[in-house]
Amino acid sequence: GDLPGADQVRAVVDDAYQRYRTDTSGTVADYIPVLGKASPDLFGIYVVGARGQSYGVGDVETTFSIQSVSKPFVFALACHQVGYDAARHKLGVNGTGFPFDSLIAVELNPARTMNPLVNAGAIAATSLLAGDTAEEKWQTVRTGLSMFAGRELTMSTEVYESETATNRRNRGIAQVLESYGRLYFDPEAATDVYTRQCSLEVTARDLAVMAATLANGGMNPVTGVQVLAPGVCRRVLAVMAIAGLYELSGDWLYEIGMPGKSGVSGGIVTVSPGKGGLATYSPPLDDAGNSVRGQLATKYLAERLGLNLFASE
Ligand code: GLN
């Protein structure tokens with residue numbers, strides 16, 4: 001399959017934007033203080049087809065910190081480093097049913113694993129990356145995510161400093177994982193690399209290219225670079241289907257029928273395997289931390305473009 005024709009995709013993207021731009025529900029995250037400064041009016045939608053065709057509307061060039069949308073891509077890099085089988089045993093691939101920063105989830109699972117899309121598993125995934133030092137691991141993240149985006153990504157120092165000043169909970173999670181032998185690098189250093197990772201600046205367009213790379217068997221359709229092996233790509237999508245929208249991942253799959261990943265700055269990526277990548281950006285979030293307009297717009301695109309993976313025709 002392929003996306004519908006260019007005129008139809010463009011019309012549906014514009015339509016989704018007009019329908020939901022006036023929706024004012026949700027709250028901008030402020031537990032990381034600097035995120036609270038984002039305008040609740042920002043809204044952008046971008047689609048990149050698996051052959052590189054692209055469509056965007058709204059605030060698609062506005063930069064924001066990637067936050068948890070980094071997690072599936074860093075998991076991909078961890079699989080590349082240790083193999084997807086070892087990554088599964090070291091990180092886990094099952095849903096927790098708990099919020100993204102849950103400690104209870106770590107305590108309740110006898111294996112002490114979660115999945116790489118909640119904070120505990122994500123910090124553990126970062127700890128597995130190539131590099132003997134924190135600086136080397138950080139370069140692995142930055143260059144790896146830049147290959148997914150097809151351009152050089154840089155970190156927001158303002159976001160990094162704001163989160164570093166307030167991330168005691170993530171540091172605690174890393175210490176607890178270490179106590180169970182489920183962290184694979186120094187806890188303070190792993191948390192620091194993870195915090196840098198979350199502070200990488202992207203646009204909705206970047207996220208759509210990153211998603212399209214996952215939709216295209218790991219080959220970036222814009223640059224033509226094979227970023228990861230198809231066998232890893234499939235498994236990253238499986239974990240996104242299980243846990244991409246935190247404790248609302250079941251609701252998301254029920255409504256939208258595609259793997260996705262949200263972040264607290266307001267981004268969501270969605271992958272239609274073989275067809276393309278979707279990205280939305282809008283800061284107001286629901287109670288679980290998922291962009292409200294992003295979910296509405298993605299559901300509309302999924303239905304109008306026929307992207308639900310569980311549909312027979
Ligand atoms: N950096 C954020 C945190 O660790 C990411 C969370 C998110 O986007 N859900 O709290």
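Modeller: Helices here are DSSP runs of H or I with at least four residues, numbered from the N terminus. Keep in mind that this is a predicted model.

Colleague: Fine. Which helix does A208 lie in?

Modeller: Helix α10, which covers residues 204-215.

Colleague: Is A208 buried or exposed?

Modeller: Buried. A208 has 32 other C-beta atoms within 10 Å, and 20 or more count as buried.

Colleague: What is A208 in contact with, leaving aside neighbours within four places in sequence?

Modeller: Two stretches of names: Y46, V47 and V48, plus G277, L278 and A279.

Colleague: And how far apart are A208 and A86 in space?

Modeller: 29 Å, C-alpha to C-alpha. In sequence they are 122 residues apart.

Colleague: Switching to domains. How is the chain divided?

Modeller: Domain 1 takes 6-65 + 202-304, and domain 2 takes 67-198. Their centres, taken over C-alpha atoms, are separated by 21 Å.

Colleague: How many residues are in contact between the two domains?

Modeller: 37 residues of domain 1 with 34 residues of domain 2.

Colleague: Which elements supply at least two residues each on the domain 1 side?

Modeller: α10 again, along with α11 (230-243), β5 (260-262) and β6 (267-272).

Colleague: Which gives the most?

Modeller: α11, with eight residues on the side of domain 1 that touches domain 2.

Key. Residues are numbered from 1 along each chain as its sequence is written. This is a predicted model: local features need pLDDT of at least 70, side-chain atom pairs count only at pLDDT 80 or more; totals for chains, interfaces and linings use all residues. A residue is buried if 20 or more other C-beta atoms lie within 10 Å of its own, exposed if 12 or fewer, and partly exposed in between; C-beta atoms are placed from the backbone. Two residues are in contact if their C-beta atoms, placed from the backbone, lie within 7 Å. Domain bounds come from an automatic or database domain assignment.
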